[in-house]
Amino acid sequence: MSTTLLAEPQIDQLYKSLQEKVRSRRPNEDLSGLENAYRFALHAHDGQRRDSGEPYITHPLAVADLLADMQMDLVTLETGLLHDVLEDTKTKPDDLKERFGEDVARCVDGVTKLTKISLANREDRQAESLRKMLLAMTSDIRVIIVKLADRLHNLRTISALPRDKQEAIAQETIDIYAPIAHRLGMGKIRGALEDLAFETLQPEAAAELMREIESKRQENEEWVRQIQTEIAQRLTKETIPARVDGRVKRAYSVYSKLKRQRITLDQVYDLLAVRIITDSVKNCYAALGVIHNEWHPIPDRIKDFIAMPRPNLYQSLHTSVIGPGGVAFEVQIRTEEMHRNAEEGIAAHWKYKEGSKGPGQDDQRIAWLRQLMEWQREMRDSGDFLSTLKVDLYPEEVYTFTPKGRVIVLPRDATPIDFAYAIHTDVGNSCVGARVNGAIKPLKYALRNGDVVEILTQPGHQPSKDWLGVVKTSRARNKIKHVINTAERAKAVEIGQKSLEKEARRLGLNLGRFSRDDFENVASEYGVSKTEDLLAALGFGRFSARQVLQKVAADDVIPEPPAAPVPSLPPRVPQLQPGLPPGDLTIHVKGVDDVLVYRAKCCNPIRGEQIVGYITRGKGVAVHSVQCPNVQAMLYESERKIDVEWARSASEPLPVKVVIFTDDRPGILNQLTSILSAEQSNIRTLEARGDQSRTDDSAIVDITMEVRDKKQLERVITAFRRVPGVRDIERVRNVS
């Protein structure tokens with residue numbers, strides 16, 4: 001072993017501190033395996049340094065320390081120390097299995113990204129790495145707990161990375177890892193991940209919000225101390241045993257609420273919160289009665305998650321009341337066990353259930369994961385997988401009911417179609433309408449908490465392609481795609497058969513001469529197994545009938561077709577005809593010229609955004625932003641997807657519309673237009689009006705401006721957000 005790292009005594013001191021922490025909580029356990037893992041990792045990472053310049057081993061030590069704070073078992077701690085050796089060193093899985101056992105080897109492999117596998121792009125690598133990790137989670141949940149600790153430490157030390165990598169890691173955290181922590185009930189980890197990612201993605205917004213919160217911190221903390229004392233006294237008077245804690249709402253949580261509801265900080269009712277932790281469910285409700293007897297509750301702000309736990313098994317009573325001085329605050333009431341589960345979630349099991357891989361097969365917190373992986377088993381497109389995964393990880397917040405009282409939990413803004421598929425596939429497929437609380441509602445209606453939903457069905461009815469644009473759950477989306485794909489495939493097989501027969505007649509070939517085996521042999525050359533697959537590929541335009549016949553009738557003399565341009569496109573892609581307008585010159589199909597290309601009006605992508613092409617029927621290639629909500633609905637046929645890219649030479653400005661929600665005050669329009677003038681951005685249209693949907697002094701400003709690329713748009717929006725009185729900004733995708 002090299003002495004390079006051993007010459008730095010602080011490294012060994014970090015391990016000794018970890019060892020003492022573990023020993024204090026596990027005094028009777030043999031820690032030789034932990035030291036073995038440390039020495040192995042120290043040697044494997046010898047000479048490696050992080051981007052900050054620190055010895056690399058400091059990272060796995062920090063991850064293991066976080067896991068020790070969570071009181072995880074020794075397998076998890078050893079995995080934390082070894083979690084990067086497969087990815088970043090020459091260590092092989094068999095080396096780990098031989099030295100540390102099957103559990104540790106499996107967990108380390110589950111955490112390891114697929115960096116050494118050749119995949120088309122970063123999105124493919126990210127998707128396959130996540131798929132691998134999620135599958136590993138289903139057999140051993142410790143995989144994701146190590147990954148969450150790994151991500152938390154990476155975010156704490158992210159400043160040494162280039163800005164683009166910082167943003168990618170932070171966005172992935174918001175989209176994937178924080179929601180996973182939420183679904184596992186790990187509120188403490190989730191909060192830390194979100195706040196750190198928020199500071200990275202929106203540094204100015206985070207700093208401004210923290211300044212606003214900090215300016216009132218002393219006043220707020222004093223107020224919370226007084227209310228804690230008052231509540232404790234009243235609970236004691238009613239002989240309700242309890243401890244009372246206070247807190248100020250987390251920065252990212254506040255930011256999300258301000259953005260979602262377009263309100264100011266003083267309108268956030270749960271900015272200040274008090275938590276009452278008592279000994280029994282009975283006393284939880286008794287404490288709620290004490291609170292409501294003393295202060296007026298705010299209507300529609302009482303939530304009973306004890307009687308109806310969240311899907312991640314979170315339980316608590318929530319209420320918001322108007323306290324002394326007219327200050328609104330939230331009260332959360334729960335038992336000690338509920339509090340432990342709320343903070344630590346699934347990780348709490350290891351303190352009380354040693355020698356286990358975690359929760360049982362039926363634990364609700366990972367049942368969703370097994371179901372998710374089952375739904376997405378056949379989903380090979382990386383963009384499709386990532387986007388639907390983000391939807392499935394979204395916190396489930398809408399509690400709806402069947403007419404018989406069964407609870408159906410769905411994501412926010414879910415529709416009656418999602419509800420129908422949650423009941424049964426056949427109910428979803430045959431859904432033609434819905435009654436919500438006794439009234440007929442459109443199928444795109446956004447369901448709300450407490451809605452009683454009755455699905456109206458019609459035998460033989462089939463789902464519509466339009467449904468893909470409104471559903472919110474991957475279960476509904478995948479079931480709809482399956483039905484549509486089956487119908488489209490049948491149509492493609494028919495088209496393929498007819499094109500084959502037509503081409504055979506033109507060439508004077510008798511198809512009856514060739515057996516099914518002849519066609520299946522050709523099918524295998526094209527990477528498909530059956531004749532039906534070959535005909536479907538023909539119908540979808542992946543290759544021509546002439547190519548197939550040339551291979552089937554290899555012994556016959558078939559006239560050669562005229563030379564085709566290379567690379568060739570599917571026949572359905574319209575090429576430019578002389579005299580026609582050239583389409584959008586800012587974008588072109590990769591490797592091919594003279595193809596009609598246009599930016600889709602539903603999302604109006606701008607230079608710098610990731611884009612995807614969709615082959616339309618007779619109208620050319622429509623180019624969408626990968627973030628476009630319509631992409632999911634349109635690209636269910638992978639044969640229609642085509643690679644496009646921004647033209648290097650084109651730099652003309654493109655129109656972008658934004659809606660700015662502001663305070664209604666003099667001078668704000670002047671400040672906004674001055675920003676555009678400084679950016680040399682032309683204003684196409686501008687309209688300002690009062691916000692009729694609100695009772696406060698608020699206004700809405702619609703601006704259609706011209707920008708050169710995504711970076712310029714981001715600069716403008718950042719500058720807009722700095723203007724005093726600007727509450728929120730939304731980009732409107734549909735700009736004509």
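1. Let's start with Leu82: leaving aside residues up to four places away in sequence, Leu82 touches Ala37, Phe40, Ala41, Leu96, Phe100, Val104 and Val108. Keep in mind while you look around that this is a predicted model.

2. Leu82 also turns up in the largest nonpolar core, a set of 63 residues. The ones with the most contacts inside that core are Leu67, Leu82, Leu96, Ile144, Ile145 and Met186. Helix 9, residues 142-156, gives the most to this core, with eight residues. As background, nonpolar side chains in soluble globular proteins tend to be buried together.

3. There is another core too, lying apart from the largest one. This one has 31 residues, and Val589, Ile660, Val723 and Ile729 are among them.

4. Four strands make up an open sheet, with the order 19-20-18-21 and antiparallel pairing. Which strands stand at the edges? They are strand 19 (683-690) and strand 21 (726-732); each has a single partner strand, so one side of each is left without a neighbour in the sheet. From one strand to the next, the twist averages 15°.

5. Helix 26 (residues 668-678) touches strand 18 (654-663), strand 19, strand 20 and strand 21, and its direction makes about 160° with that of strand 19. Helix 27 (residues 710-722) touches strand 18, strand 20 and strand 21; the direction of helix 27 makes about 155° with that of strand 21.

6. On to backbone angles. Most residues other than glycine have a negative phi, but Thr239 has a positive one, near 55°. You'll find Thr239 in the loop between helix 13 (217-237) and strand 1 (242-248). Is Thr239 buried or exposed? Its relative accessibility is 67%, so Thr239 counts as exposed.

7. Asn604 is worth a look as well: it is not a glycine, yet its phi is positive, at about 40°. Asn604 sits in the loop between strand 13 (597-599) and strand 14 (611-615). With a relative accessible area of 6%, Asn604 is buried, whereas Thr239 is exposed.

Definitions and conventions: Residues numbered from 1 in each chain as written. Predicted model: local features only at pLDDT ≥ 70, side-chain atom pairs only at ≥ 80, totals over all residues. Heavy atoms only, no water. Helix = DSSP H or I, 4+ residues; strand = E, 2+ residues; numbered from the N terminus. Buried < 20%, exposed > 50% of the residue type's maximum accessible area, 1.4 Å probe, protein only. Pairing = 2+ DSSP bridges. Axes fitted to C-alpha atoms, helices over the stretch in contact; angles between N-to-C directions. Contact = heavy atoms within 4.5 Å. Core = buried A, V, L, I, M, F, W, Y, C linked by side-chain atoms within 4.5 Å.
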